[in-house]
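Thanks for asking me to look over this one. Here are my notes, written for reading beside the coordinates.

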Amino acid sequence: MSSLLRSIEIMRVAGRYRLDELLPEQARHRVISPLLRLNPWRIGSCEGTRGERLRRALEELGPVFIKFGQMLSTRRDLLPTDIADELALLQDQVPPFDSQIAVDLIETALGGNVSMLFERFDREPLASASVAQVHSARTRDGREVVVKVIRPDIEPVIRKDMALLAMIARFIERWLKDGQRLRPVEVVRDYRHTILDELDLGREAANASQLRRNFADGALVYVPEVFWDYSRRNVMVMERIYGIPVTDIDALRAKEVDLKVLGERGVEIFFTQVFRDSFFHADMHPGNIFVDASDPRDPRYIAIDCAIIGSLSEADQYYLARNLLAIFRRDYHEVAQLHVECGWVPPDTRVQDFESAMRAVCEPVFERPIAEISFGQLLVYLFQTAARFDMQVQPSLVLLQKTLLNIEGLGRQLYPQLNLWDTAMPFLEKWVNERYSPQSMIKRLQQHAPTWLEQLPQLPEALMENLQSQRGDQKRNAQLLVAERENRRKSHTRARRRYLAAMVCVLAASAALPPVRQMLEQAPPVSWLLLAVAAGLAWPSQSV
C-alpha cells in the first residue's frame with residue numbers, strides 16, 4: 001500500500017510540474033505522451049523553465065530524489081546544459097530528527113552512555129542532511145570532535161524509493177524515443193550503489209583515513225582525523241575542523257587570503273589525487289570544502305565527507321594523461337587513436353571520422369581567450385562526441401568529469417583569471433616523463449619481482465601443461481581433418497553416382513526416341529570423342 005501511495009504522489013508531482021514536457025518533441029512517444037497529458041494533476045498553470053520545474057519537483061519528492069538530482073547534474077554527457085545547471089542548485093537540507101533518537105543510536109552503537117563516552121555532547125545538531133546528522137562533542141582527553149549518525153530507518157525508505165526510480169527508468173528506456181541513448185537504467189543503478197555506500201560510515205571513515213595518509217604533510221589539503229575507537233557502521237567520530245567556507249569570498253578577502261594561490265592549489269590537489277594517488281575525493285562541492293586561513297599567504301584546503309571516492313586503473317591513468325596532453329597540443333589524431341587503443345570506443349571505429357568530430361568540437365573552443373576556456377566543459381563535450389561513436393560509459397571517468405567541473409568552477413570563483421591549462425600541462429608532462437623514466441621502470445620491476453619469483457618454480461609445470469594442451473589440440477585437429485576428408489569423399493561418391501545415373505537416363509531416353517537414335521547412329525567418330533572428353537571434364541573430382 002505504501003508503494004502505491006508513493007507512486008500516486010510521484011504522479012501528482014510529475015503532473016503538477018509538467019515533467020512530461022521536459023523531453024523535446026521529437027523524443028516523445030506518439031502513444032505514451034498523449035496519455036501522460038491526461039494526468040489529472042496537470043490542471044492549472046505551472047510557470048518556470050523546464051530546469052526549474054524539474055528541480056522544484058525533485059525538492060518536493062524528498063531527499064532521495066534530491067540527491068538523485070544532484071548526481072544527475074554531473075551527467076552533462078546526457079543532459080542539456082540548462083537542466084544540468086538548474087539541478088546543480090539542489091540543496092540537500094532536511095529538518096533534523098529527534099536528538100534523543102540520535103543519542104540512543106550512538107549509545108547502542110558504541111556500547112555506553114554519551115555522558116561516559118564524551119566529556120561534552122551537544123544534543124543540538126550541528127548540521128542535518130538526508131542521510132545523516134552531525135553533533136559536536138569533546139572527548140575525555142579534551143579533543144573537539146563531531147559525531148555523525150545515520151538517520152534511523154533510512155535504508156528501507158531509500159530502497160523503496162530506489163525501486164520506484166528503477167521502475168521509472170525502465171519505463172523511460174522502453175517507451176521514450178531517446179530512452180536508450182539516455183541510459184536511465186544504468187544511471188539509476190550507479191546512483192543506487194552510491195547512496196547505499198553513503199549509509200556505511202565505516203567505508204567513509206576508511207576513505208578519510210586513506211586520503212589523510214596520502215596528504216600526510218598537510219601542505220595542500222588537510223583531512224580531519226578519524227577516531228576509530230568511536231566509529232561504527234552507523235556512527236563516525238572525527239576531529240572537528242574550523243575553517244572558512246570556500247564560497248565565503250568576503251571572509252577570505254577580509255583575512256587577505258591569496259586567492260590566486262588558493263585557486264591554483266585546488267587544481268594541483270585534483271591532479272595529484274588522480275595521477276599520483278589514483279584515489280580522489282569525488283564529492284568536492286563547496287559544502288565539503290573549507291579554507292584554513294591561519295597563514296593568508298600560504299592557505300590550505302580542508303576536505304570533509306569522503307563518502308564518494310573515485311579511482312583509475314594504471315591503464316586509464318596513462319591514456320587519460322596522454323589524451324589531455326594531446327588536447328592541449330590540439331593533436332586530434334592522437335586523441336582519436338588513444339580512444340581506440342584503450343578501448344573507450346569500439347576497435348572498428350574509423351580514426352579519421354573520430355578525429356574530424358573531435359576537431360569540430362575543440363577548434364571553436366580554442367579560438368576563445370585561454371582564461372575563458374572551461375577545461376571541464378571541454379571534457380564534457382569530448383565525452384558527448386565520443387558517445388556518438390558508441391563510447392561505453394566509464395563510471396570512474398564520470399566521477400572524474402564531475403570532480404574536475406567542481407574544482408574548476410571553485411577555482412574560477414576564487415580567482416576568475418585562473419588558467420587551468422598552465423597549471424595542469426606542466427604537471428601532466430612531468431608525470432608522464434617520471435612514469436616512464438628508467439628509475440620508474442626499475443621501481444615497477446622491483447614491485448613485480450616477488451610475484452614473478454613466486455611463480456617461477458611453477459613455470460616448468462605450466463610449460464608442460466601448455467605443451468600437452470597443444471598436443472591435445474593437434475590431435476583433435478588431426479581427427480577433425482580425417483573426419484572432414486571422409487565426409488568429402490562420401491560426398492564426391494554420391495555426386496558421381498548421381499552424375500552417372502543422370503547420364504544413363506539421358507542415353508536411355510535418347511535411345512527410346514527414333515529421331516534421336518537415328519541422329520546418334522549417323523554421328524561421326526569425332527563427335528563421340530568430344531562427347532567423351534566433355535563427360536570426363538564434367539565428372540566430379542575428389543579434392544583433398
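This is a predicted model: local features need pLDDT of at least 70, side-chain atom pairs count only at pLDDT 80 or more; totals for chains, interfaces and linings use all residues.

1. Which residues line the second largest cavity? They are Leu320, Asn323, Leu324, Ile327, His339, Trp344, Leu379, Leu382 and Phe383. By class, this lining has 7 nonpolar and 2 polar residues, with no charged ones.

2. Two helices, α14 (314-328) and α17 (375-387), each give at least two residues to that lining. The largest share is from α14, with 4 residues.

3. How do α14 and α15 (residues 332-341) pack? Their axes lie 9 Å apart, at an angle of about 165 degrees. Angles over 145 count as roughly antiparallel, so α14 and α15 are roughly antiparallel to each other. The crossing of α14 past α15 is left-handed. On the α14 side, the contact is made by Tyr319, Arg322, Asn323, Ala326 and Ile327, and on the α15 side by Glu334, Val335, Leu338, His339 and Glu341. The contact of α14 with α15 comprises 5 nonpolar, 2 polar and 3 charged residues. Asn323, Ile327 and His339 take part in this contact and are also among the residues lining the second largest cavity.

4. Next comes α15 with α16 (residues 351-366), whose axes come within 8 Å and cross at roughly 130 degrees. That angle makes α15 and α16 oblique to each other, and α15 passes α16 in a right-handed crossing. From α15, the contact uses Tyr332, His333, Val335, Ala336, Gln337, His339 and Val340. From α16, the partners are Val351, Phe354, Glu355, Met358, Arg359, Cys362, Glu363 and Phe366. The classes here are 9 nonpolar, 3 polar and 3 charged. Val335 and His339 belong to this contact and also to the contact of α15 with α14.

5. Finally, α14 also meets α19 (residues 420-435), with axes that come within 10 Å and cross at roughly 130 degrees. α14 and α19 are therefore oblique to each other, and α14 passes α19 in a left-handed crossing. Glu314, Gln317, Tyr318, Ala321, Leu324, Leu325 and Phe328 are the α14 residues involved. They meet Trp421, Ala424, Met425, Leu428, Glu429, Trp431, Val432 and Arg435 of α19. By class, the contact of α14 with α19 has 11 nonpolar residues, 1 polar and 3 charged. Leu324 takes part in this contact and also lines the second largest cavity.

Terms used. Residues are numbered from 1 along each chain as its sequence is written. Side-chain values use heavy atoms; hydrogens and water are left out. On a 1 Å grid over the protein atoms alone, a cavity is a set of points where a 1.4 Å probe fits but cannot get out, and a pocket is an open set with protein on both sides within 12 Å along at least five of seven lines; lining residues have an atom within 4 Å of a point. Ala, Val, Leu, Ile, Met, Phe, Trp, Tyr, Cys and Pro count as nonpolar, Asp, Glu, Lys and Arg as charged, and the others, Gly among them, as polar. Axes are lines fitted to C-alpha atoms, for helices over the stretch in contact, and angles run from 0 to 180 degrees between N-to-C directions. Angles under 35 degrees count as roughly parallel, over 145 as roughly antiparallel, 65 to 115 as roughly perpendicular and the rest as oblique. A crossing is left-handed if the near helix is turned anticlockwise from the far one by less than a right angle, and right-handed if clockwise. Contact means heavy atoms within 4.5 Å.
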